[in-house]
Amino acid sequence: MSQLPHDDENLLPETGGGLPVLEYWAKKSLSPNGLKIWQVLNHKSACLSCAWGTGGQKGGFVNEAGEYLQRCAKSVEAINAELQAGIKTSVFAKKTISELQQLTSKECDRLGRLQYPMILRKGSQHYERISWEDVFEIAAKAFQKSPERVASYSSGRSSNEAAYLLQLLMRAMGSNNLADCSDLCHVPSSVALKEVFGSGTSMVSLESLKQSDCVVLIGSNAPANHPRLMNELIEITDRGGRVVIINPQIEVGLVKFSSPAFPIKSMLKGGSPISNLYLQPIPGSDAALLIGIQKSLIEQGFAQLDYLKKYTDNWESVVEFAKETSWKTLTETCGVSQEEIEEVAYVIGTSKNVVFAWAMGITQQKNGTDNVRAIANTALIAGQAGREGAGTMPIRGHSNVQGFGSMGVSVRLSDNLKQALEKLLGHSLKLNKGYDATGLMQAADSDKIDTLLCLGGNYYAANPDQIQAKRALGKIETIFYISTKPNLGHFHGLGSEATLVLPVFNRFENPHKTTTESGNNFVRLNSPGKTHLKGDLISEVKLITEIAHRVLGETPINWRKLQDTSYVRELISKTISDYKEIGNIDQDDSEFLLENRIFTEPKFATDSGRAKMSVVPLPPLKEPLLEAFDLPKNVKAKVLILGSGRSYGQHNTVVYKEADRYRNMPHRHCILLNLNDIKAGGFKPHQKVTVQGDRQKLENIEIIPGAIREGVAFMFYPEANCLFSANTDPDSGIPAYKRVPIAVYAP
């Protein structure tokens, strides 16, 4: 473990969660919105935050397994933000777009709820209110462009029904330009898992996770981003199981966590121990570390060769590659000792049921897809895939991002869905290859996009290279932003002719039933609700179907009939092969598990039923050189590898709190460094420095000493996104947010 300097050590909490969480709940409960917050918390709808799956028809506090007390502070943060007052017309009448561009992410969110449609016209400095009829007339013209010049971008904040309608609209028009926020987070998981197992999601249900006795958690800050997962890790350690953490940065909550769900065994005891082993590899080297674990499993006699022979293809080459690769090569590449790797392999080999879980520390790399392949190979060599309590489990970030993929919101259109859509539409689909999130930005920058519809999300801020993002979006004629609250993209990602911001109901306000999907393949049903706002809002379902009606007419699809979400679910059941059961959900409110994705025996969803293994090459990591930054000769700089990430008071690009108490970072303009790097660079803790990337630089950045590997730095996303250009994974197109070369120097 890295060591904190003594003078800062006492400022950090010794455990994640705990009393600060209860204090936050108490503060919000006693606020003017307190009663409304609790009403929403108990509303029968899925949580607005992460994809860990609470809420639905069993009640707001209940998870998929029927367990109570499964809400977290992130739920309260999201609900509280949605319960803000509506923004008055006068706000945008007074504030110019130049003034709005000075706002931070938190300040954008704190403006309040959007409650009327508005437009920023070419040459204007002010957003102005318009009618919905004007919106639909503008949309009808904008969507008449050539299909390959019309695109969408979406996030997991919406429902399955809205997602299905979005992809149906785009493909009925003849466009496959369906970029999604998953293109910037977990697309390597979907690509690699589909390739190996035939299914791109978790093979582990929540019930299955409860049968595991070991979790290997890689590249995840679960205490901040998925707090309810911590309840499962606490229960695993309580029953004598083991948790292995792999992360370049020591996260306090992954060492010890105090959960309000367990007031006696966790809260009163000052927290529960989480990690048995904590490894800090070089960023981007995970494949090498995993191959090292494979090598040690083989050498210690834990490799399940009979399993491999029966249930996998190409296992011989994978095993041989691990055998032949030298320990010296592996340890020098990943920066973890042979002894540590062997200890992890021993834990895996002596455990009965092992779950391999990961988040964006694995995927947001130039070799992110290879990293996931390496995880799958490791699980298979250990015989830990296709059985109860074991397998691979990507941890999705947004509450319904996986549902969007299930509904076909992806450039990777499956043959089954393509055939079903052709039958529904009555003609063959001749679609373009499609632009993912990175490809769409490049296409826009090359003047290839005329119309962009953003269903939620913050496409501008989520991208790296915000110079390019602003320029590229500025070349699109008409941009539609469908949102509940303002964000940075509404003020920076402006179309050349018109930018429209369209207010919609959130999940617990929709006047109709909707569904969402958790990261563990459980489909939740959201009850109707109502909004506290008095403005002019509509549902996403109504908005998309009305645009479709204006553009495509009534044949072969009666789009206005699809404003009835039960009819949408009927179409989903007929066209999405995994979702046949959704056709019954309106009759009995029965939520369901997508069981054909949960592999409890080693028969996978590939053509042969066998897992398809492949050799993963070692990552060709190069140390960044100072000369690459073109700094003045008299500047003394320290070259480091930067990984960007979210703070504890943040959800995706939305910032609720400026400070991060668990990392001792008092504001958003900080850089976390190992104390040895601070000394080697001639710096001091809390000194203000300049951070230079390959695209831009940030000035007046405060140095914070922290428990992070030497040679590695951490800054907040999305603020640090401007530093670097999109260095992408060739297999999935995801940008490498977690391995960014930077130079740090005193001005």
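Residues are numbered from 1 along each chain as its sequence is written. Because the model is predicted, local features need pLDDT of at least 70 and side-chain atom pairs count only at pLDDT 80 or more, while totals for chains, interfaces and linings use all residues; side-chain values use heavy atoms, with hydrogens and water left out.

Helices (H or I, at least four residues) and strands (E, at least two) are DSSP runs, numbered from the N terminus. Two packed helices are described by the angle between their axes and the distance between the axes. Helix α2 (residues 19-29) packs against helix α4 (residues 73-82) at an angle of about 30°, and their axes are 10 Å apart. Here axes are lines fitted to C-alpha atoms, for helices over the stretch in contact, and angles run from 0 to 180 degrees between N-to-C directions. The angle makes α2 roughly parallel to α4 (angles under 35 degrees count as roughly parallel, over 145 as roughly antiparallel, 65 to 115 as roughly perpendicular and the rest as oblique). On the α2 side, the contact (heavy atoms within 4.5 Å) is made by Val-21, Tyr-24, Trp-25 and Lys-28, and on the α4 side by Ala-73, Val-76, Glu-77 and Asn-80. An α-helix has 3.6 residues a turn, so residues three or four places apart point the same way.

Just after α24 comes Gly-426, with a positive phi of about 80°.

Val-196 sits in helix α10 (residues 187-197) and is buried, with a relative accessible area of 2%. Leaving aside neighbours within four places in sequence, Val-196 is in contact with Ala-376, Leu-380, Thr-606, Arg-610, Ala-611 and Lys-612. Gln-692, in strand β25 (residues 688-692), counts as buried at 14% relative accessibility. The side chain of Gln-692 reaches the backbone oxygen of Gln-696 at 3.4 Å. Not counting residues up to four places away in sequence, Gln-692 touches Phe-629, Leu-631, Lys-697, Pro-741, Ile-742, Ala-743 and Tyr-745.

Between α29 (540-552) and α30 lies Gly-553, partly exposed with a relative accessible area of 24%. Pro-556 is also in the loop between α29 and α30, and the peptide bond from Thr-555 to Pro-556 is cis, with omega near 0°. Another cis peptide bond joins Tyr-717 and Pro-718, with omega about 5°; Pro-718 is found in the loop between β27 (712-716) and β28 (740-745).

Positive phi values also turn up in residues other than glycine. Asn-652, with phi near 55°, lies in the loop between β22 (650-651) and β23 (654-655) and is partly exposed, at 21% relative accessible area. For Asn-664, phi is near 60°. Asn-664 is placed in the loop between β23 and β24 (670-673), and counts as buried at 17% relative accessibility.

Methods: Buried < 20%, exposed > 50% of the residue type's maximum accessible area, 1.4 Å probe, protein only. Polar contact = N/O pair within 3.5 Å; in protein donor to acceptor, adjacent residues only side chain to side chain.
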